[in-house]
Structure formats: structure tokens, C-alpha cells
Amino acid sequence: MEGWDPNTKSTLTQIPLLTTKAGPRDGPAWTQRLKEEYKALIAYTGMNKSNDNDWFRISAANPEGTRWTGKCWYVHNLLKYEFDLQFDIPVTYPSTAPELELPQLDGKTHKMYRGGKICLTVHFKPLWAKNCPRFGIAHALCLGLAPWLAAEVPILVDSGMIKHKDDAASSGES
């Protein structure tokens, strides 16, 4: 964590590390891993709420816990920009991080792959690999999606690539 800003360090130290190295094909071990994932997500969400920094909602979209969906948002110039969030847990998880997708932003930035998958290759994937299996979904959101939104949303807004829902509604009415 050398070179990290104090807020990131503080946040990261409060998200529980995971201990079970199991993926979707590992039966009861995967069930244990999912319990740890939920514990970490609950801790991270609670911390965000207590710091008035609530910025996402996700839940497993299937009983196996391999598909996740929800919403994430970023506030820029006092306006809230909200996006659908989805991802699948890879078969090679936790060795491989999930690819986080924001389908509404597909094609709007070069820091994204086809289908709205955000680019985390350069900065996040080596960090994930170094911390496998201790990192989980909450860590991917904290260290992958949050900084990506902070870097990309202001650029997308300022360049006119995305509009606030109120602006889009008023331009559609005229």
C-alpha cells in the first residue's frame, strides 16, 4: 500500500480480506467463499454509508452467485450520474478478477472494452493477482470501479459524451 493516499489505505484496511480460495465450480468451498464475499460487501457498504459516500448497490442475480447486477453512481458538479452495473464471476475466480461492465457507457470511452467492460488491465489486475485470494468483489469495486468512475465520468460529462438524466429529459421535451 506504499504510495497510496490515506483515504484509500483507510478504506481498504476496513474491508475484510477473504480466506477461501474457491470458484464457482468448487461446490461447498464456493458457498463459503460467497459468505465471505457478502461479509466484505456488507462491511464496505456500511462504511460507505457511515461516511456519506454511498455509491453502489449490487446483488447476486442468480442463486449460484455467479452473476451480479446493480447500479453505481458518481456525483460530478453536484449532479448524480447513475449507471447499470453487471458482471459474471469467472470460472477461474478468484485467480481472475471479474470484468465489471457498465453497458450504458459502451463505446463512449477508450478505457472500455466491447460490451461496456471497463479497462482495469494496467493498474488493477497486477494488484488483484498479488492479493489473490484475499481480494473479492468489494475490493474490485473499491480499487477498480471507484477510481475508474472518478477518472472517466468527469471527462465523459465535460466532453458531452454523457448527459445528466435531467438534461436528457429536458432536451427530449423541446
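**Close-up views of a predicted model**

**View 1. Glu 152 and Lys 111 meet in a salt bridge.** The N to O distance between these two side chains is 3.3 Å.

**View 2. Cys 119 carries an annotation from a record.** An unreviewed UniProt entry marks Cys 119 as "active site". You will find Cys 119 in the loop between β5 (117–118) and α3. Its relative accessibility is 27%, so Cys 119 counts as partly exposed. Beyond its neighbours within four places in sequence, Cys 119 is in contact with Lys 111, Met 112, Tyr 113 and Trp 148. Lys 111 is the salt-bridge partner of Glu 152 from the previous view.

**View 3. Glu 99 pairs with Lys 117.** The closest N and O atoms of this salt bridge are 3.1 Å apart. Glu 99 belongs to the loop between β3 and β4 (112–113) and Lys 117 to strand β5, so the pair ties together parts that are 18 residues apart in sequence. Both partners are partly exposed: Glu 99 has a relative accessible area of 36%, and Lys 117 has 25%.

View 4. Arg 33 is buried at 0% relative accessible area, and Glu 37 is buried at 1%. Not counting residues up to four places away in sequence, Arg 33 touches several others, including Leu 18, Thr 20, Tyr 93 and Phe 135.

**View 5. Leu 145 belongs to the largest nonpolar core.** This core has 45 residues, and Leu 102, Leu 141 and Leu 145 have the most contacts inside it. Among the elements giving two or more residues to the core are α2 (28–50), β2 (67–76) and α4 (137–158). Helix α4 provides the largest share, 12 residues. Leaving aside neighbours within four places in sequence, Leu 145 is in contact with residues including Trp 55, Cys 72, Leu 102 and Ile 118.

Terms used
Residues are numbered from 1 along each chain as its sequence is written. This is a predicted model: local features need pLDDT of at least 70, side-chain atom pairs count only at pLDDT 80 or more; totals for chains, interfaces and linings use all residues. Side-chain values use heavy atoms; hydrogens and water are left out. A nonpolar core is a set of buried Ala, Val, Leu, Ile, Met, Phe, Trp, Tyr and Cys residues joined through side-chain atoms within 4.5 Å. Buried means under 20% relative accessible area, exposed over 50%, partly exposed in between (1.4 Å probe, protein chains only). Helices (H or I, at least four residues) and strands (E, at least two) are DSSP runs, numbered from the N terminus. Contact means heavy atoms within 4.5 Å. UniProt positions are given in the numbering used here, feature names are shortened, and annotations may be inferred rather than shown by experiment. A salt bridge is a side-chain nitrogen of Lys or Arg within 4 Å of a carboxyl oxygen of Asp or Glu.
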